[in-house]
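Visitor: I would like to learn how to read a sheet and an interface. Where do we start?

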Amino acid sequence: MRAVIPAPVPGLDLGREYGHHQSPAIRAGGLIFCSGMVAINPDTGEREHGTVTSEARRIFENLKLLLESAGSSLDRIVQVHAMIYDRIEYDVLNRVYRQYVPNAPPARTVMSVQIEAGFKVMLDVTAAA
Amino acid sequence: MMLSRQVIEPNNPAFDQSQQFGLLLSPAVRGGDFVFLSGMAAIDPATGAPAHGTVAAETRQILTNIGELLEAAGSSLAKVVKVNVLIYSMLEYENMNSVFREFFPTDPPARTVCGVKLIGGHKVEIECIALA
């Protein structure tokens, strides 16, 4: 079974806000596949560009909203693709990352790529439903 | 419980990039409830040769090929749950997005798009996970 997980708050619907043709998340086969999350204000949908630290915080808060609305949670993340705009910020990312997945952290890959709209961080997450 | 793992033979040998380009990969592997596809670049389904073009043209060719590959695996575009789109420049985001929309008219999959350096002179590469 494949089910679309709708945005729990209007701002997290990037299709509506920015025309991104994607669902916020899909539930299938006991897993939840989330679209790449960026630092968006969950209430207004406004882009909140900032530092790697502030963007990563906002992203984790958004993922918490999204996953918990689907009956999952940050603790149930199994895999993360962490994208940052520059590898030089790797340790900065790690400092904030550690606060959100303190125990038994998920599998993770970090890469340095171009992210949409000038963001510095994007997290692509798969969680157990 | 041991889940099954099965390499999917593409219905069109042109999609087998291990044959075409000597790449060490299977185009599609079934594992558990899912089918995992390798990252696909635009290739001509008739010859297997690279089909370089605009971001829009490459996106269209890739998603057409992915649709065929999924059907060979008993799945379909409608069963795709997650897509990762790699493009050579995020400036071309909308050129990819508008074509992408045509292939997933309703309930689109979860998606992550990022700008990376691709091999082989391609502008777009797409990988996906679908329900079997």
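Guide: Start with a single pair. This is a predicted model. In chain A, A:Ile26 has A:Phe33 of strand 3 as its bridge partner.

Visitor: How many bridges join strand 2 and strand 3 of chain A, and in which sense do they pair?

Guide: Four bridges, in the antiparallel sense. The two strands of chain A form a hairpin with two residues between them. In that turn, A:Gly29 has a positive phi of about 55 degrees.

Visitor: What is the bridge partner of A:Val4 in strand 2 of chain A?

Guide: A:Ile26. Strand 1 and strand 2 (residues 25–28) of chain A run antiparallel, joined by four bridges. A:Ile5 stands opposite A:Ala25 in strand 2 of chain A.

Visitor: How should I think about side chains along a strand?

Guide: In a regular strand they alternate between the two faces of the sheet.

Visitor: In what order do the strands of the chain A sheet lie?

Guide: The order is 1-2-3-6-4-5, in an open sheet of six strands with mixed pairing. Strand 1 (2–5) and strand 5 (107–112) of chain A are the edges, each pairing on one side only. On average, neighbouring strands are turned by 15 degrees against each other, direction ignored.

Visitor: Which strands does helix 2 of chain A lie across?

Guide: Helix 2 (residues 52–69) of chain A lies across strands 1, 2, 3, 4 and 6 of chain A. Its angle to strand 6 of chain A is about 25 degrees. Helix 3 (residues 90–100) of chain A lies across strand 4, strand 5 and strand 6 of chain A, at about 145 degrees to strand 5.

Visitor: Now the interface. How is its size given?

Guide: Often as the accessible area lost when the parts come together. Here, chain A and chain B bury about 2000 Å² between them, with 55% from carbon and sulfur atoms. A:Arg2, A:His21 and A:Gln114 lose the most area in chain A, together 37% of what that side buries. In contact are 24 residues of chain A and 29 residues of chain B.

Visitor: How many salt bridges and polar contacts cross the interface of chain A and chain B?

Guide: The rule finds one salt bridge. B:Lys82 forms a salt bridge with A:Asp124, with the closest N and O atoms 2.6 Å apart. There are also 19 residue pairs in polar contact. On the side of chain A that touches chain B, strands 1, 2, 3 and 6 of chain A each give two or more residues. By class, that side has twelve nonpolar, nine polar and three charged residues.

Definitions and conventions: Residues numbered from 1 in each chain as written. Chains lettered and ligands numbered in written order. Predicted model: local features only at pLDDT ≥ 70, side-chain atom pairs only at ≥ 80, totals over all residues. Heavy atoms only, no water. Pairing = 2+ DSSP bridges. Axes fitted to C-alpha atoms, helices over the stretch in contact; angles between N-to-C directions. Contact = heavy atoms within 4.5 Å. Buried area = accessible area lost by both parts, 1.4 Å probe. Salt bridge = Lys/Arg side-chain N within 4 Å of Asp/Glu carboxyl O. Polar contact = N/O pair within 3.5 Å; in protein donor to acceptor, adjacent residues only side chain to side chain. Nonpolar A, V, L, I, M, F, W, Y, C, P; charged D, E, K, R; others polar.
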